[in-house]
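Take a walk through this model, one part at a time. Begin with a pair of strands, then widen the view.

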Amino acid sequence: MNMQAPIVKPAVAISKLEKSYDSGFTALKKVDLEVRSGEIFALLGPNGAGKTTLIGAVCGLVRPTGGQILVGGHDVVTEFRKTRSMIGLVPQELSNERYANVWETVSFSRALFGKARNDAVIEKILRDLSLWDKRHNMLYQLSGGMKRRVLIAKALSHEPQILFLDEPTAGVDVELRRDMWKLVQELKRNGTTIVLTTHYLDEAEEVADRIGVISTGEIILVEEKIKLMAKFGRKDLTIQLQRPLTRLPPALSDLGLKLSEGGGELLYGYDTHAAHSGIADLMAAINAEGLSIQDLSTHQSSLEDIFISLLKDRT
């Protein structure tokens with residue numbers, strides 16, 4: 001779909017970016033961030049962390065009070081028209097022209113960016129988003145999920161080199177989420193850079209190449225997803241006992257074990273990448289104490305666990 005030549009690396013370069021309001025609130029605090037050309041970058045953070053403000057600044061919707069943003073090597077303030085033409089934005093809000101049909105809306109959005117009419121491009125976008133059968137429908141006739149699809153289609157209409165997705169699947173159905181991520185992967189294969197914010201951490205874990213975490217207007221971590229999972233990845237071993245304990249035996253107290261509330265389980269956390277997990281010694285010590293095990297289970301740390309842990313470390 002994206003037939004333009006790839007942009008220079010990085011796709012987005014943000015340096016010392018600040019945004020303060022007259023009220024005194026500072027939404028962004030000297031943010032430094034680079035997004036590589038052709039990657040899927042997920043920006044995670046709680047409500048109010050600065051995700052939407054950051055995206056708005058890159059897309060030219062929010063005027064920074066300090067710092068610089070380059071898109072494909074072009075300054076978003078001094079070369080606004082150039083950079084905006086390179087960007088597609090799918091905002092959180094559903095705001096569409098009620099009295100136009102789907103085809104007209106998406107085609108008009110393409111024309112706004114000065115792109116020549118290309119019905120084949122519009123048709124492909126609508127088909128990819130399962131909107132083709134709705135192309136003659138007025139927007140007010142569409143469901144919320146279909147309106148969300150139209151927003152995505154509008155953002156893609158001018159074949160942008162960078163696509164920003166701000167909470168794109170919040171409140172939408174499973175089918176749209178599946179269609180969207182299928183389309184995102186196709187766009188990536190064609191060289192489009194994708195930046196997304198999401199509260200669905202499983203989505204970031206599934207589709208992102210790199211992950212950034214923002215909290216109270218500051219970037220606190222940027223890491224390759226695989227490296228992030230490896231760095232913070234842990235497993236928790238739960239040992240269910242046949243008979244509950246009232247206290248942890250002294251011989252087990254130095255092994256990193258915890259006794260669950262009620263005494264029916266022994267809990268043990270270990271690094272999956274450590275040379276020795278300590279489980280063999282642990283089981284031998286439990287055996288020596290004469291404790292009978294009923295069941296064993298393990299839980300692998302997820303991106304959500306890592307995310308929560310990072311935010312706790314900041315408080």
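Start with two strands. Strand β1, residues 12-20, pairs with strand β4, residues 66-71. The pairing is antiparallel and runs over 5 bridges. One of the residues to look for is Ser15, whose bridge partner in β4 is Gln68. Keep in mind that this is a predicted model.

Now widen the view to the sheet around this pair. It is an open sheet of 4 strands, in the order β2-β1-β4-β5, with antiparallel pairing. Which strands stand at the edges? They are β2 (26-35) and β5 (74-75). Each has a single partner strand, so one side of each is left without a neighbour in the sheet.

A helix belongs to this picture too. Helix α1, residues 51-58, lies across β1, β2 and β4. Its direction makes an angle of about 115 degrees with β1.

Lys16 is not a glycine, yet its phi is positive, at about 50 degrees. Is Lys16 buried, exposed or partly exposed? Its relative accessible area is 45%. Buried means under 20% and exposed means over 50%, so Lys16 counts as partly exposed.

Look for Glu159 in the loop between α5 and β7. Its relative accessibility is 9%, so Glu159 counts as buried.

Next comes helix α6, residues 174-189. It has 16 residues. From the first C-alpha to the last it reaches 23 Å, close to the 22 Å expected at 1.5 Å a residue. Which residues of α6 are buried? They are Leu176, Arg177, Asp179, Met180, Trp181, Leu183, Val184, Glu186 and Leu187. An α-helix has 3.6 residues a turn, so residues three or four places apart point the same way.

What covers the buried residues of α6? The cover includes the strands β3 (40-44), β7 (162-166) and β8 (193-197). It also includes the helices α4 (119-128), α5 (144-156) and α7 (201-207). After α6 comes Gly191, with a positive phi near 100 degrees.

Is Ser260 buried or exposed? With a relative accessible area of 14%, Ser260 is buried. Leaving aside neighbours within four places in sequence, Ser260 is in contact with Glu265 and Leu267.

Finally, step back to the whole protein. It has 10 helices and 14 strands. Its radius of gyration is 25 Å, well over the 20 Å that the globule rule gives for 315 residues, so the protein is more spread out than a compact globule. Along its principal axes, the C-alpha trace spans about 80 × 45 × 40 Å.

How much of the protein is buried? Of its 315 residues, 46% count as buried. The accessible surface comes to about 16,000 Å², and 50% of that belongs to carbon and sulfur atoms. One more value concerns distance along the sequence. Take the contacts between residues at least 6 apart in sequence: 70% of them join residues at least 24 apart.

Conventions: Residues numbered from 1 in each chain as written. Predicted model: local features only at pLDDT ≥ 70, side-chain atom pairs only at ≥ 80, totals over all residues. Heavy atoms only, no water. Buried < 20%, exposed > 50% of the residue type's maximum accessible area, 1.4 Å probe, protein only. Contact = heavy atoms within 4.5 Å. Expected span 1.5 Å × (residues − 1). Pairing = 2+ DSSP bridges. Axes fitted to C-alpha atoms, helices over the stretch in contact; angles between N-to-C directions. Rg over C-alpha atoms; globule rule 2.2 N^0.38 Å. Areas by Shrake-Rupley, 256 points an atom, 1.4 Å probe, with all protein chains shown as cover.
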